[in-house]
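Student: I am new to this structure and would like to go through it step by step. Can we begin with the metal site and then move on to strands and helices?

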Amino acid sequence: MNILAIETSCDETSAAVVKDGTEVLSSIISSQNDFHAKYGGIVPEIASRKHIESISPVIKEAMERAAIGFKDLDAIATTFGPGLPGSLIVGLSAAKAISFALKKPLIGVNHLEGHIYANFLLEPKLKFPFICLIVSGGHTQLVKVTGHMEFETLGRTRDDAAGEAYDKVARFLGLGYPGGPIIDKLAKTGNENAVNFTRPMLARQSPGGGGLEEEYKYDFSFSGIKTAVVYYVKKNPPRPLGEGLGVRVDIAASFQKAVVDTLVEKTIRAAEENSIKTVAIGGGVAANSKLRADMKAACKNKGIKCIVPPLELCTDNAAMIGCAGYFRYKKGMVADYSLAIESTARIG
Ligand code: KG4
Ligand code: ZN
């Protein structure tokens, strides 16, 4: 079964052709980073305009690289949310048009499902149950996956997503956008023990069950770490950027350690306390070298299997949407043309 998958939820225009759920025949990603960098973050209006410019050429290239014709497609999958409304609508409209023209089923995929299913592209025989840590620019969520499309939320961020904290700290330090890869690279030469930034919500486990609707046992919080960086820099101003990066390198490394320690510790605790023997990761921050290394090491130490997808499957891509779309299709979860974007769509 050949699925043409489309992903335009944020600032990457992507199309892929995926065969039988896990075989990627082609995957094209057109990044808009350069257009947003000078503004220090994503400008939604620019994002949607760039998607409109790129969507047709990107789909065309994905079809050419897969070396199949439109008549060989069996279904069209697209992200319907969560994401930026003006971005989502471009991919959804394209998918609807192609589905309608070819008279092939339309499958709406949740972007977060996509990040989880990237792990099946790496490991098609992945067994349930497993825990997936989704860490991206918009989300930080710990999900227990008990079967195809069966998700239970174990924890979420109460404030900033991990990637958002990276981007904000990088902007505050004048390092550029997107902040995650920049801090990741800088941190390699810094002293991660230079500053002991707070690790909120590690010592105190939220009660879970009852209480606030939004409260889960393994919730995260990252805005405190970000604020701690801001206070530290105000008290200990680094030299102007023109004179080199100076202590920014140590601050970047120390900030990264605080974030990664929190992510790893909570994930391992959730796995152990729920007797789950497999941990997977997904989302842009899962491309972080320290998170990848520390999660693998912590899992090994506890006898937990750890799945870490390659970098190009962690950041936004349509191949993961094609994979999730296949398993949705298998469960009869096919959409109709009333499918609408849902910018705050959730799973679990
Ligand atoms: O999943 P993604 O591509 O888009 C969203 O769904 O948000 O994630 C983008 C986020 C950005 O915040 C970016 O700074 C972060 O992922 N990111 C990283 C790294 N590469 C991307 N964060 C830390 N280390 C990285 N190497
Ligand atoms: Zn994403």
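Tutor: Donors are N, O and S atoms within 2.8 Å of the metal, and water is not among the atoms, so sites may look incomplete. Keep in mind that the model is predicted.

Student: What spacing do the donors of the zinc ion (ligand 2) follow along the chain?

Tutor: The zinc ion (ligand 2) is coordinated at 2.0 to 2.1 Å by His111 and His115, each through NE2, and by Asp316 through OD. His111 lies in helix H4, while Asp316 lies in the loop between helix H10 and helix H11, 205 residues apart. Along the chain the donors follow the spacing H-x3-H-x200-D.

Student: Is Asp316 buried or exposed?

Tutor: Buried means under 20% relative accessible area. His111 falls in that class, and Asp316 is likewise buried.

Student: Which strands stand at the edges of the open sheet of five strands?

Tutor: The order in this sheet is S8-S7-S6-S9-S10, with mixed pairing. An edge strand has a single partner strand, so one side of it is left without a neighbour in the sheet. The strands at the edges are S8 (150–156) and S10 (305–307).

Student: Which residue in S9 is the bridge partner of Ile134?

Tutor: Strand S6 (residues 130–135) pairs with strand S9 (residues 278–282) in the parallel sense, over four bridges. In S9, the partner of Ile134 is Gly282.

Student: Why is S1 described as largely enclosed by the rest of the structure?

Tutor: Side chains in a regular strand alternate between the two faces of the sheet. Asn2, Leu4 and Ile6 point one way from S1, Ile3, Ala5 and Glu7 point the other way, and all are buried. S1 is therefore largely enclosed, the buried count being six of the six residues.

Student: How far apart are the end C-alpha atoms of helix H2?

Tutor: Helix H2 (residues 44–66) has 23 residues, and at 1.5 Å a residue it should span 33 Å. The computed distance agrees with this, as the end C-alpha atoms are apart by 31 Å.

Student: Where in H2 does a kink lie?

Tutor: The kink is about 40° and comes shortly before the proline Pro57. Its position is a residue that is also among the buried residues of H2, namely Ser54.

Conventions. Residues numbered from 1 in each chain as written. Chains lettered and ligands numbered in written order. Predicted model: local features only at pLDDT ≥ 70, side-chain atom pairs only at ≥ 80, totals over all residues. Heavy atoms only, no water. Pairing = 2+ DSSP bridges. Helix = DSSP H or I, 4+ residues; strand = E, 2+ residues; numbered from the N terminus. Donors = N, O, S within 2.8 Å, 3.2 Å for Na, K, Ca; no water. Buried < 20%, exposed > 50% of the residue type's maximum accessible area, 1.4 Å probe, protein only. Expected span 1.5 Å × (residues − 1). Bend = angle between axes of the 7 residues up to and from the residue.
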